[in-house]
Amino acid sequence: MSERDSRPVRKAVIPAAGQGTRFLPATKAMPKEMLPVVDTPAIQYIVEEAVRAGLDDVLMITGRNKRSLEDHFDRNVELEVGLEAKGDAGKLARVQESTDLAQVHYVRQGDPKGLGHAVSVAEQHVGDEPFVVLLGDDIVDPRDPLLDTMIKVREEFGGSVVAFMEVPADQIHLYGCAVAEPTGQTDVVTVSGLVEKPRREEAPSNLAIIGRYLLDPAVFDVLRDTPPGKGGEIQLTDALQTLAASPDKPGHGVHGVVFRGRRYDTGDKLDYIKAVVRLASEREDIGAELRSWLQEFVQDGAGASS
């Protein structure tokens, strides 16, 4: 591996400039990233995942009406003083937890021109270092450390690393899709091509990109020359296709990790509800009572429909 590829991964980029139209009217005045998963905003799960992997320098790409993201990771002195006066140490700790998680920076994307454009906005902050991109719609269970695996794959192979999951054929049109060959390591593949949201009959595999990328800074040069693609937006998938097609160039080459752990999708209304139920049912404080109620609910519902 070259000296360029051996640099440590220290920074995380979280694109959060989308309008969240699938969750209107809730997102008319509230960022979709602030939608609660039980009692914690979705965006906090994402930052916590980055921190667990040693990435405590976090840049959020934001847009209009996203001020509450900054407020959430900032101190609320009045609230903290009130909780301290009440002697509510538990809630005080929860409030301060988000403030102390990481060093969080913010930059606005301006015009939302696609994920590739959002990533390009991070260049000044990232500089000439490898970095991780985490999309806020995917929550990865902390018991399945995906980012740690991706960092190890980059340490061995260099270049960029993308996370994949296997999906049914009738769902592949919802994702970017990979042309990939095995490396000899379990669930690690060499990527030779990528297609953004292909039709089922044109999909080269069932490997779908999920919202985790470890990118070499070479991606910035590629993004500058990447024209608008599907949907008239600058697609990160198109830039990765360029990197994959020229693996011998410095910083190029793409590998993939096939993720088989627990992932919760909060980008779709039904999947968001499923994520809330799954995570809530595992909690010590409410899990047992919720599971009992769900069993009663299903039994009552089955009886009512018969």
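Predicted model: local features only at pLDDT ≥ 70, side-chain atom pairs only at ≥ 80, totals over all residues.
Helix H4 spans residues 89-100 and comprises 12 residues. From its first C-alpha to its last it reaches 16 Å, close to the 16 Å expected at 1.5 Å a residue. Its buried residues are Leu 92, Ser 98 and Thr 99. They cover an arc of only 130° around the axis, which puts them on the same side of H4. The face of H4 turned away from this buried side carries the exposed residues Ala 89 and Asp 100.

What covers the buried residues of H4? The cover includes helix H1 (42-52), helix H2 (67-72) and helix H3 (77-86). Just after H1, Gly 54 takes a positive phi of about 90°.

Positive phi values also occur at residues other than glycine. Val 38 is not a glycine, yet has a positive phi of about 65°. This residue lies in the loop between E2 and strand E3 (40-41). Val 38 counts as partly exposed because its relative accessibility is 25%. Lys 197, likewise a residue other than glycine, has a positive phi near 45°. The loop that holds Lys 197 runs between strand E10 (188-196) and strand E11 (207-215). With 40% relative accessibility, Lys 197 also counts as partly exposed.

The peptide bond from Leu 24 to Pro 25 is cis, and its omega is near 5°.

Gln 109 is placed in the loop between strand E5 (103-108) and helix H5 (115-120). Is Gln 109 buried or exposed? Its relative accessibility is 10%, and Gln 109 therefore counts as buried. Leaving aside residues up to four places away in sequence, Gln 109 touches Ala 17, Ile 61, Thr 62, Gly 114, His 117, Ala 118 and Val 121. Gln 109 and Ala 122 are 13 residues apart in sequence, and their C-alpha atoms are 9.1 Å apart in space.

Asp 137 is found in the loop between strand E6 (131-134) and strand E7 (138-140). Which residues does Asp 137 touch, not counting those up to four places away in sequence? They are Arg 22, Lys 32, Tyr 264, Asp 265, Thr 266 and Gly 267. Asp 137 and Asp 268 are 131 residues apart in sequence, while the distance between them in space is 8.4 Å, C-alpha to C-alpha.

Trp 293, Phe 297 and Val 298 make a nonpolar surface patch of about 350 Å². Trp 293 belongs to helix H11, which covers residues 287-305. At 45% relative accessibility, Trp 293 counts as partly exposed.

Definitions and conventions:
Residues numbered from 1 in each chain as written. Heavy atoms only, no water. Helix = DSSP H or I, 4+ residues; strand = E, 2+ residues; numbered from the N terminus. Expected span 1.5 Å × (residues − 1). Buried < 20%, exposed > 50% of the residue type's maximum accessible area, 1.4 Å probe, protein only. Arc of directions from axis to C-beta. Contact = heavy atoms within 4.5 Å. Patch = residues over 30% accessible without salt bridge, like charges linked within 9 Å, V, L, I, M, F, W, Y side chains within 5 Å. Areas by Shrake-Rupley, 256 points an atom, 1.4 Å probe, with all protein chains shown as cover. Salt bridge = Lys/Arg side-chain N within 4 Å of Asp/Glu carboxyl O.
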